[in-house]
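Please examine the sequence and the structure before reading each solution.

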Amino acid sequence: MFPIRSRKEIAPKTVLLHVEAPLVARKVEPGQFVIVRVNEEGERIPLSISGWDRRAGTIRLVVQGVGRTSYEILDLQEGQGFQDVVGPLGKPTEIKFYGTCVLIGGGYGGGAIIPMAERLKELGNTVIGILGARSSELLIMAEELSQACHQLHISTNDGSRGVKGMVTDVLSELLKSQAVNYVVGVGPIPMMAAIAEMTRPFRIRTHVSLNALMMDGIGMCGACRVTVGGKSYFACVDGPEFDGHQVDFDEIAQRLTIYREEEKIAADLYLQRKETACRSLSSVTKSA
Ligand SMILES: Cc1cc2nc3c(=O)[nH]c(=O)nc-3n(C[C@H](O)[C@H](O)[C@H](O)COP(=O)(O)OP(=O)(O)OC[C@H]3O[C@@H](n4cnc5c(N)ncnc54)[C@H](O)[C@@H]3O)c2cc1C
Ligand code: FES
């Protein structure tokens, strides 16, 4: 088992976990991910590694509940753990001296960009972070990201914190006011597609981390096939980062919906079973 050493709820349906996985912690580089399985019957899901402590042998994961397996992970407590943690997987982010780098995170992407920001800063780049969410309560890892970057800009759709609008509104202002040499986006597909469209006219090197459906994570099953520059790649071994100007975002968005019906049934069943278990536990407690 891979035990959870600490667990904190950092936003609604979102937890920050420190998990003991010494072999992963020893080798991981920014941009890489793990594939985890909660238990023997469990589904394997990919999660970005948002930090690590090589000496303690732990990795940091940010998990957002969107379906059956991520809900199961939200329910894990300190001391419990994962059946499997496989990794580090994927190619690390291409990190070198670029000049001014803008790293943009939406959703769990706010955690995923932290190791990239830290390493780019160490190499002498000027690192600007942009973190976005629908509202302030959904913003995650703002403090950690602000320490990793030279500047951090925040946007919320409802204006409850930072600029009212989207991360692309902040990016648009930045592109007007200064030269930018490298942009990385990690988050929902529409966000990454919009970022790539904004930087295209400026010909700024733009990488996006593709959250394709994954199963084995080692290039064998084909689940994570993506099209980049007209060619097929497997996001798990050839990515997850690709040139955003070459990615076929419509195809990925469409492939993510393939199992929507089955995913909904699985999530509903899990939540129903959990509710029934909670109800019977509370009736046992009352009668005792
Ligand atoms: C390289 C990589 C890194 C990732 N890092 C993180 C992370 O750090 N934290 C985190 O919370 N999530 C991350 N994800 C997304 C996460 O893997 C999915 O949310 C998860 O697999 C959903 O499984 P589920 O059983 O909970 O939901 P499902 O029932 O499988 O799906 C529920 C909903 O989520 C969508 N979905 C399913 N799989 C994915 C996917 N791979 N990417 C995006 N949407 C998906 C489905 O279309 C559906 O609408 C990452 C994905 C990839 C490929
Ligand atoms: S997840 Fe199977 S080939 Fe990438």
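**Exercise 1.** Which element gives the largest share of the shell around ligand 1?

*Solution.* The model is a predicted one. Begin with the elements that give two or more residues to the shell around ligand 1: β4 (45-48), β6 (58-64), α2 (68-74) and α9 (260-287). Of the shell, β4 supplies the largest share, with four residues. At the level of domains, at least three residues come from each of domain 1 (2-89) and domain 3 (210-257).

**Exercise 2.** Describe the contacts and the composition of the shell around ligand 1.

*Solution.* Step 1: among the 23 residues around ligand 1, those that come nearest are P46, V62, Q64, S70 and L256.
Step 1: inspect the polar atoms. A backbone N or O atom of P46 lies 2.7 Å from an oxygen atom of ligand 1, and for a backbone N or O atom of Q64 the distance to a ligand oxygen atom is 2.8 Å. S48 places a polar side-chain atom 2.9 Å from a nitrogen atom of the ligand.
Step 2: consider the area. Ligand 1 taken alone exposes 850 Å², of which the protein buries 89%.
Step 3: sort by class. The shell holds 13 nonpolar, six polar and four charged residues.

**Exercise 3.** Why do the buried residues of α5 line one face of the helix?

*Solution.* Step 1: in helix α5 (residues 167-177), the buried residues are V167, T168, V170, L171, L174 and L175.
Step 1: viewed down the axis of α5, these buried residues fall within an arc of 155°, and therefore they line one face.
Step 2: recall that an α-helix has 3.6 residues a turn, so residues three or four places apart point the same way.
Step 3: turn to the other side of α5, where K176 and S177 are exposed.

Definitions and conventions:
Residues numbered from 1 in each chain as written. Chains lettered and ligands numbered in written order. Predicted model: local features only at pLDDT ≥ 70, side-chain atom pairs only at ≥ 80, totals over all residues. Heavy atoms only, no water. Near = heavy atom within 4 Å. Polar contact = N/O pair within 3.5 Å; in protein donor to acceptor, adjacent residues only side chain to side chain. Areas by Shrake-Rupley, 256 points an atom, 1.4 Å probe, with all protein chains shown as cover. Nonpolar A, V, L, I, M, F, W, Y, C, P; charged D, E, K, R; others polar. Domains from an automatic or database assignment. Buried < 20%, exposed > 50% of the residue type's maximum accessible area, 1.4 Å probe, protein only. Arc of directions from axis to C-beta.
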